[in-house]
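Hi,

Here is the structure I promised to pass on. Have a look at it first, and my notes follow below.

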Amino acid sequence: DIDHIQRKQLHALLSTARKTEWGLKYDYKSIRSYSDFCQRLPLQTYDEIKPYVTRMINGERNILWPSVVRWYAKSSGTTNDKSKFLPVTPEILKGCHYKGGFDCVAIYLRNNPESRFFSKKGLILGGSHSPSPLNSEAHQGDLSAVLLQNLNPLVNLIRVPKKPIILMDEWESKIKAIVENTWNKDVNSLSGVPSWMLVLIKAVLKKTGREYLTDVWPNLEVFFHGGISFEPYREQYKTLIPSNKMHYMETYNASEGFFGLQDDPTDPSLLMMPDYGIFYEFIPMNEVGSAHPTVLPLESVETGKNYAMVITTSGGLWRYQIGDTVRFTSLFPHKFVISGRTKHFINAFGEELMVDNADKAIAMTC
């Protein structure tokens, strides 16, 4: 059951990090229960962990996590800093991000047994920050760039474009190079952020003089998307890819971890992945920002309510407030939709107007 799986994640995380500076500071080895954990560890924001992350980047070991951390995902944050650098430990890379990608493909193939996924090419569009050294010990880049940099070489056999192109920094020349490298390949899957991918699709159509993407890539069958809401883009994609064989699958893979994926094409909710080295907690939206908010474990959430997400991960984040809000649509299994950001809501009169409500209202008005 979910309670057992989540407690197992928490105990494994505490056990692994008990001899780190953080683990010694909060005496992890004496934590016996979830209530001990809650009483012992304060909630964290990026500003509070930033000094520790900076020390890790500068080569200090055993601070938040015991492994050697050579990669940091550059995330545009909602904090005072322009960017956050989040540790990408070997454990979160393999046991969370890559595990999520593997499960995503496995669930897609289970839902579509007639797929030719592995017999054609997959176009992965990475982010705009290519990997670059922070110092002699550590490198940084967009999460997508970090993941591509560390991919199993076997994946590169079915992936386009070539690695040097996908890791280019300058956006205009990168798009041009991707188009030149892929327009004549047999592409059947796309992965990336909907807004960026749309720019690429239009560039491919311009290069080939075609009206529809299916005229360029007739075997196209799936778009794995995430990062932003797909709804504002859905109709444009349907117009440019007029095929009843085309599938769309959403993933929730943030710099901090891989949290959920769409397991049912008829349901926009995402299945929460409880065994990826992440322990989840949730703060009711009306208590966000209060001095002593109620914090609930995963088994105590209710459907239909907005919660701010708090995560403890194998990436060395402890009771970390990620800034995203979710609303559960089902509890067996746990499924949810991303409802917005903790900074992006209006609560002048207790109305708790979330971004997704505002988006729906604007769409209806339009």
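Axes here are lines fitted to C-alpha atoms, for helices over the stretch in contact, and angles run from 0 to 180 degrees between N-to-C directions. Helices (H or I, at least four residues) and strands (E, at least two) are DSSP runs, numbered from the N terminus.

The crossing of α9 with α11 is left-handed, meaning the near helix is turned anticlockwise from the far one by less than a right angle (clockwise would be right-handed). On the α9 side the contact (heavy atoms within 4.5 Å) uses Pro 194, Ser 195, Met 197, Leu 198, Ile 201, Lys 202 and Leu 205, and α11 brings Tyr 233, Gln 236, Tyr 237 and Leu 240. By class that gives 8 nonpolar, 2 polar and 1 charged; Ala, Val, Leu, Ile, Met, Phe, Trp, Tyr, Cys and Pro count as nonpolar, Asp, Glu, Lys and Arg as charged, and the others, Gly among them, as polar.

Before you read on: this is a predicted model, where local features need pLDDT of at least 70 and side-chain atom pairs 80 or more, while totals for chains, interfaces and linings use all residues. Residues are numbered from 1 along each chain as its sequence is written, and side-chain values use heavy atoms, without hydrogens or water.

α9 (residues 194-208) also packs on α8 (residues 171-182), at about 55 degrees with the axes 10 Å apart, so that pair is oblique. This crossing is right-handed. Trp 171, Ile 175, Ile 178, Val 179 and Glu 180 of α8 meet Trp 196, Val 199, Leu 200, Ala 203, Val 204 and Lys 207 of α9. That contact has 9 nonpolar, no polar and 2 charged residues.

Ser 189 is buried because its relative accessibility is 4% (buried is under 20% relative accessible area, exposed over 50%, partly exposed in between, with a 1.4 Å probe and protein chains only). Beyond its neighbours within four places in sequence, Ser 189 touches Phe 117, Lys 121, Gly 122, Leu 123, Leu 220 and Val 222.

As for the whole chain, there are 12 helices and 18 strands, and 49% of the 366 residues are buried. The C-alpha trace spans about 65 × 50 × 40 Å along its principal axes.

Cheers

How values were computed
Parallel < 35°, antiparallel > 145°, perpendicular 65-115°, else oblique.
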